[in-house]
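Morning, everyone. I have one structure to walk through today. Let me put it on the screen.

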Amino acid sequence: MKKTKMAAFVALSTTLPLLTALPASADPPPRFSFSMAAGWGCPNNGVGLAISPPSQGEIKMMFSVAPFRASVGKDVPAEEARKNCTIYLIVHHASEYTWGLKRISARGAADLEPGVTGEVTHRHWYPGGPPGAEISRTINAPTRSWRLEYEGPLEFLPCGVERTLSLKTGLQVTTTDTSKAGWISLGDEFESKTAYTLAYQTCKP
């Protein structure tokens with residue numbers, strides 16, 4: 001499996017400010033910005049990020065990458081059976097706020113012959129912290145589409161701390177019959193998307 005070098009963190013890093021026009025009488029939303037980079041295993045043309053303005057204590061983010069697929073088959077190289085993509089996200093914010101990962105929603109497609117099984121896994125963690133939670137979804141024939149959902153438990157970071165949030169998505173296809181074929185993908189044939197929701201709150205004085 002071809003890995004993306006860590007130098008890509010600098011090359012792909014981008015800051016995305018969250019600013020929304022509001023009436024003069026309304027309180028401005030908290031200021032958050034994000035530095036994002038693709039890490040190991042992601043498609044070479046990078047990862048995109050779209051962010052919705054803060055609303056009711058939440059920030060919704062949509063990551064998109066080029067078609068991302070794991071597959072098996074008679075003429076398919078063995079390394080194609082497992083694919084991983086890790087994304088690094090640094091959340092910058094005013095010191096009076098803290099945040100935590102609240103929700104994950106991923107969707108994809110599949111085309112599996114009987115006897116071929118797919119699995120989607122997702123793990124998130126903060127470097128230097130605990131390993132983080134891992135969730136998974138098993139996909140069996142004749143499933144043509146799948147969705148992976150996760151919510152809570154919500155844990156806010158300590159106040160005054162900026163952390164890198166690591167997000168890893170893995171796809172794997174397995175079979176004991178080498179004559180069988182199948183694949184699973186994150187997203188459709190044109191684009192892969194995964195939605196993340198961050199919850200934020202004011203730090204206690």
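Start with Cys203. This cysteine counts as buried, at 15% relative accessibility. Buried means under 20% relative accessible area, exposed means over 50%, and partly exposed is in between, with a 1.4 Å probe and protein chains only.

Before I go on, the ground rules. This is a predicted model: local features need pLDDT of at least 70, side-chain atom pairs count only at pLDDT 80 or more, and totals for chains, interfaces and linings use all residues. Residues are numbered from 1 along each chain as its sequence is written, and side-chain values use heavy atoms, with hydrogens and water left out.

Back to the cysteine. What does Cys203 join to? Its partner is Cys159, with an S to S distance of 2.1 Å. A disulfide here is a pair of cysteine sulfur atoms within 2.5 Å. The whole structure has one disulfide. The pair links distant parts of the chain, 44 residues apart. Cys159 sits in the loop between strand 9 and strand 10, and Cys203 in the segment after strand 12 (192-202). Strands are DSSP runs of E, at least two residues, numbered from the N terminus. The S-S torsion is about -115°, so the disulfide of Cys159 and Cys203 is left-handed.

Next, strand 12 itself. Thr194 lies in this strand. Thr194 counts as buried, at 6% relative accessibility. Leaving aside neighbours within four places in sequence, its contacts (heavy atoms within 4.5 Å) include Met61, Phe63, Ile104 and Leu186.

Now the core. In soluble globular proteins, nonpolar side chains tend to be buried together. The largest nonpolar core in this model has 43 residues. By nonpolar core I mean a set of buried Ala, Val, Leu, Ile, Met, Phe, Trp, Tyr and Cys residues joined through side-chain atoms within 4.5 Å. Residues with the most contacts inside this core include Phe34, Met61, Phe63 and Trp99. Which strand gives the largest share of this core? Strand 6 (residues 97-112) does, with seven residues. Look at Trp99. Not counting residues up to four places away in sequence, Trp99 touches Tyr126, Glu155, Leu198 and Tyr200, among others.

On to strand 10 (residues 164-175), where we find Gly170. Gly170 is buried, with a relative accessible area of 4%. Beyond its neighbours within four places in sequence, Gly170 contacts Lys83, Asn84, Glu119, Val120 and Thr121. Thr86 is 84 residues from Gly170 in sequence, yet their C-alpha atoms are 8.7 Å apart.

Two backbone points to finish. Most residues other than glycine have a negative phi, and most peptide bonds are trans. Where is Gln56? Gln56 is in the loop between strand 2 (47-51) and strand 3 (58-65). Phi of Gln56 is near 50°, a positive value in a residue other than glycine. Gln56 is exposed, with a relative accessible area of 79%. Then Pro142, in the loop between strand 8 (134-140) and strand 9 (145-151). The peptide bond from Ala141 to Pro142 is cis, with omega near 5°.

That's my tour. Questions, please.

Note on methods
Helices (H or I, at least four residues) and strands (E, at least two) are DSSP runs, numbered from the N terminus.
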